[in-house]
Amino acid sequence: MKSFGPFNQKFPFMLHGGDYNPDQWRHVPGTVEEDFGLFPLAGINSVSIGIFAWTALEPEEGRFEFGWLDEVMDRCAKQGMAAVLATPSGAKPNWMAKKYPEIRRMSPPCQGGGWGGNLEPLREVQQTRHNHCFTSPVYRAKCAEMNARLARRYAKHPALALWHVSNEYGGTCHCPLCYAAFQKWLQAKYKTLDALNQAWWSGFWAHTFTAWDQIMTIDPSVEGMRLDWKRFTTDQTVDFFLAESAPLRQHTPDVPVCINTMGFYEGLDYWRFAPHLDVVSFDSYPDYHDRPDPEGLAASSAMWHDLNRSLKCGKPFLLMESAPGTVNWKPINRLLRPGVHRLKSIQAVAHGADSVQYFQIRKGRGGSEKFHAAVIDHVGAKQTPQTRMFQEVAQVGKDLQALAPVVGAATPAKVAVIYDWDARWALDASAGPSKNAKDYFTHCTQHHRPFWKRGVGVDIINGDCRLDDYAVVIAPSLYLLRKGFAERVEQFVTRGGVFVATWLTGIADDSGLVFQGGVPGPLRKLLGIWAEEIDYLYDDETNAANFAQGNPAGLSGQFSLKNICDVIHAETAQVVATYGRDFYAGKPCVTVNTVGNGEAWYIAADGGRDLLDAFYGQLIARQKLPRALDAEQPDGVAAQTRANANGVFTFVCNYANEPRAALLGAAPRVDLLSGKTVAGTVTLPPYGVMVLKQSN
Ligand code: GLA
Ligand code: ZN
């Protein structure tokens, strides 16, 4: 069993705190003192500071004011708190934006015009945040200077626990500097224009490039260009991150560095960041109460956590931001029902978080986030402890203290679901094949949920990750296959692994060019099938999968199919189920190919939740995959396991807004949250949680 330590040996506890903006309150004396007085009441042991504080730190070029930050850092040290110190590049000061226009982003071309639009990129005015040019030498130099000052000043400060670099990197810039960098990136990748033109299939509509500087726009009809632009944007953002974190590495080599990710955010491939981060931190804003299916929401939220844990091969991550109550930016901002804050916090820990941090600690009086939930309310310091939100936060504070033994614990996973940004981007960039084939993320969640529900740990990996430690690897709609992927999967299966691929897998190579020689491309031999045609169904149409008696999937009867039906030929694969209708009735729709000691499955049609739940339920039983709790739990109840030298911890959560019975098994275990010893069937209240400890 892998084991990990705390994110920083000097702070070996679960962090509880969040984004704190004392820079906005400098003109209100006494506020900081008041806040620090409230922190112990809510078990707050950490604050993230300086995230949008550039102007407070450098009100005019070359004049620096660190006094207010010194005070906050010192207060943290005095109270034994961990300071998560940010670099302020997420929002640039007005004086800088005015003096150095190049630091402001330029908009994408064709804005407003779409296909065939003809607007040149435009320079943004200074406004909002997260909109600097990540190529600009001026901005890079300014960040390097600011960050060096911060790092030198606080290098030996006892409160400095972690660097929070910038904030939620994202977006694109279409300025001449960025296009020049893109051209350079392409030259390094392709060496010759011939190679680029081939990879981009740019002879289509006469877009062949005859000089590098003709690449001045992201032309939607050159799909390979769009794909490479996405990759470049990630690489350039990583490059910006490396540049701005270099002074931190230099002056504070022992202080870990993170960025706050946005999980499955479409614009950045976080796998490219992962090797450069000491710890992954994640901002989580699940839509609790926005949807009718609380279990589905909980499952999808679990998958976001699983991704963040997987990015550093299972190392615990930090929940850097979450809302202690309602947010202000969803169309309808319903209040979190009592208990939900605790539930979603414990859920994050169950999936590998070693912290619960919030946006935000104190609500500002103005600005765009004045109605966003905070630990400290507008009502003021005196009455804040009586607010529901503060009390729920204080409850989580207590819980996290009780969960101290969990710090650093691993979250074992024998199953991996592939979610690959390259595949997503290639599919998004592709004109077709059909609208109903495009929701890659949702399709991946459908393959994660049956495992989550049964307490089977799942990692989220990409097409480059190591497969050796998994028993089951699933590739839902893996449209693009990276080089060497098929060979690695073949080895995995030969050694005894179970591989499951679905419709739309193996269509394109890593340039986004369609494979010659039949779908699923280089996986054709392993899967033992050829997908000759793909049928896309209207919303009101269905087909059916009929499972033959005694089939190896262990299923029987008929399952409804929708959206997509591949018309496939079983070459070496065994037919497990066949289509019930249409001209391809009787042809295979689920197959398995036995290769070496393993199995390669192909699910040719979208069976939705019912088929996948039944299919994976059987697979889990056949493969004897370890489960957090042996018994099937009622809908809405799910369990996860973390383990370290202190013991095995079973997190049991009820996501339903009504009491549900959890089936815990005969062995008595202590619930760390209530202190009670429990066993057998226990009724969890609405949104109730337990963390059962079993000593090693
Ligand atoms: C993001 C940002 C924060 C804040 C919150 C509001 O995650 O990082 O600065 O705007 O959203 O929910
Ligand atoms: Zn730019």
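Is D269 buried or exposed? In this predicted model, D269 counts as buried because its relative accessible area is 4%, under the 20% cut-off. Its partner is R482: the two form a salt bridge, with the closest N and O atoms 4.0 Å apart. That pair links distant parts of the chain, since R482 sits in the loop between β12 and α14 while D269 sits in the loop between β6 and β7, 213 residues apart. R482 is buried as well, with a relative accessible area of 12%.

Let's look at some other charged pairs. Searching the whole structure turns up 44 salt bridges. One of them joins D459 and R309, whose closest N and O atoms are 2.8 Å apart.

D283, in strand β7, is buried yet has no salt bridge, and the nearest side chain of opposite charge, R129, is 8.2 Å away. What D283 does have is a polar contact of 2.9 Å with the side chain of N260. The D283 side chain also reaches the backbone nitrogen of E321 at 3.4 Å. Among the other residues that D283 touches are E168, T261 and M320.

Last stop: strand β9. S355 and Q357 point one way from this strand, V356 and Y358 point the other way, and all of them are buried. Strand β9 pairs with β1 in the parallel sense, over four bridges, and Y358 has G18 standing opposite.

How values were computed:
Residues numbered from 1 in each chain as written. Chains lettered and ligands numbered in written order. Predicted model: local features only at pLDDT ≥ 70, side-chain atom pairs only at ≥ 80, totals over all residues. Heavy atoms only, no water. Helix = DSSP H or I, 4+ residues; strand = E, 2+ residues; numbered from the N terminus. Buried < 20%, exposed > 50% of the residue type's maximum accessible area, 1.4 Å probe, protein only. Lys, Arg positive; Asp, Glu negative; His and termini not counted. Polar contact = N/O pair within 3.5 Å; in protein donor to acceptor, adjacent residues only side chain to side chain. Contact = heavy atoms within 4.5 Å. Pairing = 2+ DSSP bridges. Lists of a residue's contacts leave out its neighbours within four places in sequence.
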